[in-house]
Amino acid sequence: MTASSPQNSLPNSKDVFAGLAPLEAVLFDVDGTLCDSDPFHYQAFYEMLQEIGFNGGVPITEDYYIENIAGKHNDDVARLLFPDDFERGLKFTDDKEAMFRRLAAEKLKPLGGLEKVKKWVEDRGLKRAAVTNAPRPNAELMLTSLGLTDFFDVVIIGNECEHAKPHPAPYLKALEILKASKDHTFIFEDSASGIKAGVAAGMPVVGITIRNPEHLLLEAKPTLLIKDYADPKLWEVLEELDRKGGNSTNAA
């Protein structure tokens with residue numbers, strides 16, 4: 001299910017972003033944020049749950065996937081799908097990730113405008129990290145497919161942290177490794193779980209509505225909602241940020 005495009009910026013988003021100057025870093029989720037990967041995840045869950053007769057054989061819907069699975073760590077998904085057999089749930093999610101990689105290999109495409117925002121980040125000499133709940137093999141597949149392996153200074157994996165998203169730990173670890181301040185950093189995310197993690201870590205979050213419904217993202221309290229990186233609302237706030245002080249290396 002494709003979400004409708006947000007009609008308006010959230011209140012005071014320009015002021016919030018202007019307050020980040022001088023900007024030091026930008027953090028990106030991976031799944032659904034750098035590329036439209038959710039269809040491949042949904043297909044894998046759909047087919048594999050059908051094979052084991054989940055939900056009495058009734059196929060899961062996209063709404064069920066978005067509300068219960070998208071953006072969540074596999075430990076939580078395993079507990080949801082197999083509440084009485086966590087180990088079986090973990091094996092299922094491992095197998096599902098392998099199926100995702102088979103489905104997604106060489107088919108992933110960057111979100112609209114990603115190259116433009118990538119250039120904006122590079123031109124300003126900003127620090128950057130990929131911060132994801134995806135298993136490392138998935139993250140590496142996606143970053144390689146998108147040609148972004150050399151773009152990121154570090155890749156933070158949720159299950160390699162003390163806690164995964166929606167806990168703030170992965171984003172806080174990214175700040176620590178980058179030696180960046182939360183007061184001069186913002187985040188791109190596409191899921192409610194990820195937005196909650198960023199907000200809890202004390203940073204403004206730009207929510208992307210490529211797949212997840214706007215109302216679910218709004219509940220997580222993003223600073224701004226955009227359709228993709230080409231959305232004029234994003235560039236309005238980035239231009240305001242440039243006017244207010246640029247960044248820590250190339251102040252305007």
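Visitor: Which residues of H7 are called buried?

Guide: This is a predicted model, and in it the buried residues of H7 are Asn 138, Ala 139, Leu 141, Met 142 and Leu 143. The word applies to a residue with under 20% relative accessible area.

Visitor: What covers the buried residues of H7?

Guide: The cover includes helix H2 (38-51) and H5, together with strand S2 (127-132) and strand S3 (154-157). Just after H7 comes Gly 147, which takes a positive phi of about 70 degrees.

Visitor: What makes H5 roughly parallel to H7?

Guide: Helix H5 (residues 86-104) and helix H7 (residues 136-145) pack at an angle of about 10 degrees, and their axes lie 10 Å apart. Because angles under 35 degrees count as roughly parallel, H5 is roughly parallel to H7.

Visitor: Which residues of H5 and H7 meet, and how many of them are nonpolar, polar or charged?

Guide: From H5 come Glu 97, Phe 100 and Arg 101, which meet Pro 137, Asn 138, Leu 141 and Met 142 in H7. Sorted by class, this contact has 4 nonpolar, 1 polar and 2 charged residues.

Visitor: Why is H6 called roughly parallel to H11?

Guide: Helix H6 (residues 114-123) packs with helix H11 (residues 232-245) at an angle of about 10 degrees, with the axes 13 Å apart. The limit for the term is an angle under 35 degrees, and therefore H6 counts as roughly parallel to H11. On the H6 side the contact is made by Lys 116, Val 117 and Trp 120, and on the H11 side by Leu 234, Trp 235, Leu 238, Leu 241 and Asp 242. By class, there are 6 nonpolar, no polar and 2 charged residues in the contact of H6 with H11.

Visitor: How do you know that the radius of gyration agrees with that of a compact globule?

Guide: For 252 residues, a compact globule would have a radius of gyration near 18 Å, and the protein has 18 Å, so the value agrees. Along its principal axes, the C-alpha trace spans about 60 × 35 × 30 Å.

Visitor: What can be said of the protein as a whole, in its helices and strands and in its buried residues?

Guide: The protein has 11 helices and 6 strands, and 54% of its 252 residues count as buried. Among contacts between residues at least 6 apart in sequence, 70% join residues at least 24 apart. The protein exposes about 11200 Å², of which carbon and sulfur atoms supply 49%.

Definitions and conventions
Residues are numbered from 1 along each chain as its sequence is written. This is a predicted model: local features need pLDDT of at least 70, side-chain atom pairs count only at pLDDT 80 or more; totals for chains, interfaces and linings use all residues. Side-chain values use heavy atoms; hydrogens and water are left out. Axes are lines fitted to C-alpha atoms, for helices over the stretch in contact, and angles run from 0 to 180 degrees between N-to-C directions. Helices (H or I, at least four residues) and strands (E, at least two) are DSSP runs, numbered from the N terminus. Angles under 35 degrees count as roughly parallel, over 145 as roughly antiparallel, 65 to 115 as roughly perpendicular and the rest as oblique. Contact means heavy atoms within 4.5 Å. Ala, Val, Leu, Ile, Met, Phe, Trp, Tyr, Cys and Pro count as nonpolar, Asp, Glu, Lys and Arg as charged, and the others, Gly among them, as polar. The radius of gyration is taken over C-alpha atoms; the globule rule is 2.2 Å times the number of residues to the power 0.38. Buried means under 20% relative accessible area, exposed over 50%, partly exposed in between (1.4 Å probe, protein chains only). Accessible areas come from the Shrake-Rupley method with a 1.4 Å probe; for residues, only the protein chains shown count as cover.
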